[in-house]
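I opened a notebook page to record what I looked up in this structure. The entries follow in the order in which I made them.

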Amino acid sequence: MAEAAHHYDETMPLEYRTEESRLNILGFWIFLGAEVALFATLFATYLVLFQRTGHGPTTADLFEIKDVMIETLLLLTSSFTCGLAVFEMRRRRLTGLLVWLLVTLLLGAGFITFEVREFIHYVHEGATMQTSAFLSSFFVLVGTHGAHVSLGIGWMTLIIIQLLQRGFTPRTARKVFIVSLYWHFLDVVWIFIFTLVYLTGMVM
């Protein structure tokens, strides 16, 4: 019975070959459901408050399409490279997996760099969280997403270290797959931010 409990089903992807891994992946999907609720609340708050600018700058005063497009290109490209990393993992190519994870990290770091520059620019323009209800909701929504991306960068870095130390195992494969789910989720959230916050703000 003990041997059967540890038997790997060779027909399944490596990350699904143990019951522990399958349960962890299921648990992470549940966690993402809670994250959906969190961001839905932040979006709802922003949409209620985005016209309450008081005497502070408005969306038209602050948002510039060029910087936002660069951020969007960086993050969406990182989603593609993250998918390539999982593809390489399924083919058992450790070098390819590590390369694409590293590229994903660099693109994510570029996104964070541009977002920090954006926030600093807004502050220099007199747009802070204390300026208006709109800016409070904006910084909380976009900042929460940025904090999640930063967490993902740190998480992916630790996984790369584990892959270098341990190579392919059901546990490391599961961790790569879960962090890829997390990364794709953040890209989906950014699409909503790009559409509902930036594009809507520029045309209002």
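Is Glu-88 buried or exposed? I found that Glu-88 is buried, because its relative accessible area is 11%. The cut-offs I used are these: buried means under 20% relative accessible area, exposed means over 50%, and partly exposed lies in between, with a 1.4 Å probe and protein chains only.

**Ground rules**

I noted that this is a predicted model, in which local features need pLDDT of at least 70 and side-chain atom pairs count only at pLDDT 80 or more, while totals for chains, interfaces and linings use all residues. Residues are numbered from 1 along each chain as its sequence is written, and side-chain values use heavy atoms, with hydrogens and water left out.

**Whole chain**

I looked up the elements and found 7 helices and 0 strands. Both kinds are DSSP runs numbered from the N terminus: helices are H or I with at least four residues, strands are E with at least two. The C-alpha trace spans about 70 × 30 × 25 Å along its principal axes. Of the 204 residues in the chain, 46% are buried. I also checked contacts, meaning heavy atoms within 4.5 Å. Of the contacts between residues at least 6 apart in sequence, 80% join residues at least 24 apart.

**Around Glu-88**

I placed Glu-88 in helix α4. Leaving aside neighbours within four places in sequence, Glu-88 is in contact with Arg-93, Gly-96, Leu-97 and Trp-100. Glu-88 and Trp-100 are 12 residues apart along the chain, and their C-alpha atoms are separated by 8.4 Å.

I then searched the whole structure for salt bridges and got 1. The term needs a side-chain nitrogen of Lys or Arg within 4 Å of a carboxyl oxygen of Asp or Glu. The side chains of Arg-91 and Glu-88 meet in a salt bridge, at 3.9 Å from N to O. Arg-91 counts as partly exposed because its relative accessibility is 40%.

**Helix α4 and what follows**

How far apart are the end C-alpha atoms of α4? They are 38 Å apart, which agrees with the 38 Å that its 26 residues should span at 1.5 Å a residue. The expected span is 1.5 Å times one less than the number of residues.

Next I looked at Arg-92, in the loop between α4 and α5. Arg-92 has a positive phi of about 60 degrees although it is not a glycine. Most residues other than glycine have a negative phi. Arg-92 is partly exposed, because its relative accessible area is 45%.

**Nonpolar core**

I looked up the largest nonpolar core and found 55 residues. Such a core is a set of buried Ala, Val, Leu, Ile, Met, Phe, Trp, Tyr and Cys residues joined through side-chain atoms within 4.5 Å. Phe-63, Tyr-122, Phe-138 and Tyr-198 have the most contacts inside this core. At least two of its residues come from each of α2 (19-49), α4 (65-90), α5 (94-124), α6 (133-166) and α7 (170-203). The largest share, 16 residues, comes from α7.

Beyond its neighbours within four places in sequence, the contacts of Phe-138 include Tyr-46, Phe-63, Phe-119, Tyr-122 and Tyr-198.

**An exposed residue**

I ended with Ile-30, in helix α2. Ile-30 counts as exposed because its relative accessibility is 59%.
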